Every structure is written in structure tokens, then in C-alpha cells.
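This report goes through the pockets, the core and a few local backbone features of one structure. Please keep the sequence and the model open beside the text.

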Amino acid sequence: NEVALKDYRGKLLLVNIWATWCAPCVKEFPSMKRLLEKFPNDLVILAVSYDRQREDIDAFVKAFGGIPPSFHIAWDKEKRTTDVFGTDVLPETYIISRQGRLIRKIAGEATWDEPMAIEFFQDLVNAK
């Protein structure tokens, strides 16, 4: 199914561009899950995979014990997201407001559940 950012309008959205073969992507994945556990009703994660095969994504998710309901994974086999976002490096993450505006771009690996990140997202949630 096609995925569009407008589908998430009204939600605080973290778009993460990643791949199962990307070591920094694999390293940050658990912290994204933990971040979402802190904000299950206020945040949606859309992880856009650049993997070559869908089976690689499915095996990866299974190895990490699945994902929460508001953690969505899209497979961008043709890497069209690069044209939309101008992705330079994996992982690359975009935080998008409820109104669909870019709040922040993070190029490279991040620890999404560290105290400063939690505080940052809490401020976004409180700003409704």
C-alpha cells in the first residue's frame, strides 16, 4: 500500500529512513521502540526501509520481538523517499509536527530514549 505523510496529519510523526543491513540503524531501533512506549498515544513512528527484500524486514522485526501498534514500517524498494526528503545517509530521521511541518532532521544514529530526547518529545506533546 502507498503511504503518504498526509495520512499522519494530526499526529506527531517520527519518520526514520533505515535498512536492516545498516549497523547504526540496527543499533538505534530498540531505542525508537522504547521512545514510542513512553508516548504510545501521542507519537507515531514511520520507519521507511531501503532493504532489497521484504523478507529481510519481516525477519528483522521478528528478531526484535515485533513492534507496537503505532510503529509503522514501509518498504521503499525504489528509494523514492530520497527524492522527497533528500536523504543523504542512513539512518536519517525527520520529526514532523501534527500540522505536517518539519521540526527537525537528524542525520545519523540517535539514542531516542535518552533523557534529552524524552524531554524534547514531551515538550512537543505538551505543545498541542
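By class, eight nonpolar, one polar and two charged residues make up the lining of the second largest pocket, where Ala, Val, Leu, Ile, Met, Phe, Trp, Tyr, Cys and Pro count as nonpolar, Asp, Glu, Lys and Arg as charged, and the others, Gly among them, as polar. The model is a predicted one, in which local features need pLDDT of at least 70 and side-chain atom pairs count only at pLDDT 80 or more, while totals for chains, interfaces and linings use all residues. Residues are numbered from 1 along each chain as its sequence is written, and side-chain values use heavy atoms, with hydrogens and water left out.

## Pockets

A pocket is here an open set of points on a 1 Å grid over the protein atoms alone, where a 1.4 Å probe fits, with protein on both sides within 12 Å along at least five of seven lines, and its lining residues have an atom within 4 Å of a point. Grid points are joined across faces, edges and corners, and the volume is the space filled by probe spheres set on them. Helices (H or I, at least four residues) and strands (E, at least two) are DSSP runs numbered from the N terminus.

| Pocket | Volume | Lining by class | Largest share of the lining |
|---|---|---|---|
| Largest pocket | about 400 Å³ | ten nonpolar, two polar and five charged residues | H3, three residues |
| Second largest pocket | about 160 Å³ | eight nonpolar, one polar and two charged residues | H4, four residues |

The lining of the second largest pocket includes Ile95, Arg104, Trp112 and Phe121, and the elements that give two or more residues to that lining are strand E5 (102–107) and helix H4 (115–126). The largest pocket is lined by 17 residues, of which Val3, Val48, Asp76, Arg80 and Thr81 lie nearest its centre; strand E2 (43–49), strand E3 (71–75) and helix H3 (81–85) are the elements that give two or more residues to this lining.

Buried means under 20% relative accessible area, exposed over 50%, and partly exposed in between, computed with a 1.4 Å probe on protein chains only.

Seven of the seven residues of E1 are buried, so this strand is largely enclosed by the rest of the structure. Both of its faces are covered, with Leu12, Leu14, Asn16 and Trp18 on one side and Leu13, Val15 and Ile17 on the other. Leaving aside neighbours within four places in sequence, Leu14 is in contact (heavy atoms within 4.5 Å) with residues including Met32, Leu35, Leu43, Trp112 and Phe121. E1 pairs with E2 in the parallel sense over seven bridges, where pairing requires that DSSP finds at least two bridges between the strands, and the bridge partner of Leu13 in E2 is Val44.

## The E4–E5 hairpin

E4 and E5 run antiparallel and are joined by five bridges, with Ile95 standing opposite Arg104 in E5. The two strands form a hairpin with five residues between them, and Gly100 in the turn has a positive phi of about 90°. Leu102 belongs to strand E5 and counts as exposed at 55% relative accessibility. Not counting residues up to four places away in sequence, Leu102 touches Tyr94 and Ile95, while its C-alpha lies 10.0 Å from that of Leu14, at a separation of 88 residues in sequence.

## Backbone features in the loops

Most residues other than glycine have a negative phi, and most peptide bonds are trans. Lys79, in the loop between E3 and H3, has a positive phi near 60° and is partly exposed, with a relative accessible area of 33%. A cis peptide bond with omega of about -10° joins Leu90 and Pro91, and Pro91 is found in the loop between H3 and E4.

Which residues does Cys22 touch, not counting residues up to four places away in sequence? They are Leu90 and Pro91. Cys22 sits in the loop between E1 and H1 and is buried, with a relative accessible area of 6%; Cys22 and Pro91 are 69 residues apart in sequence and 7.6 Å apart in space, C-alpha to C-alpha.
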